[in-house]
Structures are given as structure tokens and as C-alpha cells.
Amino acid sequence: MVQERMVELLQEHFELNLYEARAYVALVGFGVLTPAELASVSEVPAPRTYDVLRSLEKKGFAISQPGKVNKYRPVHPQNILEKFIEEWQERVKEELEAKKKAKEELLELMTPLIETEIPKYGVERVWVVRGIRNATLKTREMFEEVKEKILLADNGYIAVNLENEIISAVDKGVKAKIIVAENLLPRLRGSKLLEYAKNGKLELRTLDKFDLPMLICDDEVFFALEDMAARYFNYETQVWIRDFRVRALFETKFNEYWEKAKKV
């Protein structure tokens with residue numbers, strides 16, 4: 001079990017494949033091995049031992065001793081693992097900076113496309129969004145773009161996980177009315193939403209239950225289709241609609257909930 005765990009850690013965190021990890025563990029255990037000896041003491045197939053040992057040497061995990069038959073010994077784990085982490089940190093820094101620069105360049109190049117007032121394919125008014133990640137991105141986008149009002153009837157994750165986005169919109173002057181399911185209220189204790197509600201910066205109420213959770217931002221409506229199986233696998237289908245008539249229908253339903261809800 002210990003040997004399997006060592007192999008697993010080397011694979012998961014130090015970029016060795018299965019045979020390389022097995023070979024390195026064997027070298028650490030036996031000290032010096034020839035390719036033939038490696039095949040006899042480990043689960044590395046004999047035809048692969050030469051390639052595997054050369055690969056370990058190239059990656060810095062082993063050192064070879066030339067001779068009639070090459071011998072290999074391990075680089076001390078303390079040295080190679082620490083060196084690997086240092087190099088990985090530098091690589092991550094470089095990749096992060098490259099991604100930041102790419103993001104800035106893409107935003108600069110795409111700004112004319114985003115800001116154009118002439119849609120290429122007509123004005124989209126209905127979208128289907130699937131999966132919790134995509135739903136979160138769309139919800140965040142709605143909060144960032146809202147200008148006048150937010151109406152939220154929430155029995156799930158929005159008020160808890162997107163609190164900062166709601167607060168940011170309110171700070172910009174957007175009026176917000178929020179209804180949360182009663183079982184969600186304990187998770188809001190100590191949140192800025194409760195603080196803002198107490199200070200009159202937004203309105204917050206609670207309701208035992210409601211059959212149609214929704215988010216309304218100006219003329220945009222976002223709601224989930226009822227599908228328990230999809231919800232279980234985090235693949236719930238959400239519908240986004242931008243139409244003042246649909247918004248009016250949903251707002252009527254929201255107001256019904258609001259009248260029944262209790263102040264927090």
C-alpha cells in the first residue's frame with residue numbers, strides 16, 4: 001500500500017507516468033539498478049526499462065553511470081521534489097502572466113465587436129443555459145449589466161454565492177427586492193445582504209416555499225426548468241429571456257410571492 005501511494009503521488013503531482021513512478025520508487029529503495037535489475041524488482045516491463053530510466057534521467061530524477069551496462073541511481077527525493085516545485089512555481093507564474101496578457105489583448109481586440117450597435121444575427125431574446133457553471137456565469141453577467149432593478153426569488157445558490165455581485169449592483173444605485181426560502185436564511189447570517197436590508201439599502205423577505213424561483217434584472221428573466229434528475233447531476237436547464245412582456249408576467253408572479261413573504 002505504501003509503495004502504491006508513493007507511485008500515485010508521483011503521478012498526480014510530479015508529472016511522472018506510471019512506469020517512471022514505479023522505476024523511481026524502485027531506485028530509491030534499492031539505490032543503484034541496471035535496466036535488467038529494474039525489470040526484476042519492479043512492475044516495469046523489461047522492454048520498457050531502458051526508455052523509462054532515460055526519461056527519468058532527462059527529467060532529473062535519476063543519474064546514470066556509463067559502463068558496459070549502464071547503472072542508474074536516484075537523485076535524492078528531497079532535492080528533486082523541491083527543485084520540481086520551484087520550477088513548477090516559476091512555470092505557473094509565467095503561464096499566469098501569459099494568460100493575463102492574452103486576456104487584455106483579447107478584450108482590446110473584441111471591444112469593437114462587443115460595443116457594436118448592429119447585431120450580426122439579429123437580437124437574441126431567448127437562451128437555454130445548462131449546468132451550474134454556465135448558469136453562474138450568466139447570472140453574474142446579469143448583475144453586472146443591470147441598471148434599474150433586481151427581483152430575486154431564490155431557493156438555491158444565488159443569494160449565497162453571488163452576494164458580492166448583488167451588493168455591487170446595489171452600490172451602483174440598483175433597487176433590489178430579494179425573497180429567500182426559509183431554509184436558506186441561516187446561510188445568510190452575518191452576510192452583507194442582511195446588513196444592507198437592515199440599513200434599508202435593499203429589501204429582503206423570506207417565504208416558506210415557492211414553486212418558481214426566478215431572477216429578474218430590468219427586462220431580463222432567468223429561471224430553471226423543473227428537472228430533479230438534472231439538478232442532482234448539476235446539469236439543470238435554465239432559461240434566459242429578454243422581453244418586457246415576459247418580464248411583466250414573471251414580475252406579477254414575483255409580486256404574489258412578495259405579498260406572502262415575511263420581512264427579515
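I began with strand β6, which pairs with strand β10 (residues 262–263) in the antiparallel sense over two bridges; I take two strands as paired if DSSP finds at least two bridges between them, and helices (H or I, at least four residues) and strands (E, at least two) as DSSP runs numbered from the N terminus. In this pairing I found R205 opposite K263 in β10.

I noted that this is a predicted model, in which local features need pLDDT of at least 70 and side-chain atom pairs count only at pLDDT 80 or more, while totals for chains, interfaces and linings use all residues. Residues are numbered from 1 along each chain as its sequence is written, and side-chain values use heavy atoms, with hydrogens and water left out.

I then looked up how enclosed β6 (residues 203–207) is: four of its five residues are buried, so the strand is largely enclosed by the rest of the structure, where buried means under 20% relative accessible area with a 1.4 Å probe, protein chains only. Strand β5 (residues 175–181) pairs with β6 in the parallel sense over five bridges, and A181 stands opposite L207 in β6.

Turning to rings, I counted five aromatic pairs, meaning rings of Phe, Tyr and Trp (its six-membered ring) with centres within 6.5 Å, of which planes over 60 degrees apart count as edge-to-face, under 30 as stacked and the rest as tilted. One of them is the edge-to-face pair of Y24 and F61, at 5.2 Å centre to centre and 85° between the planes. Y24 is buried at 3% relative accessibility, and F61 is buried at 1%.

Technical notes: Buried means under 20% relative accessible area, exposed over 50%, partly exposed in between (1.4 Å probe, protein chains only).
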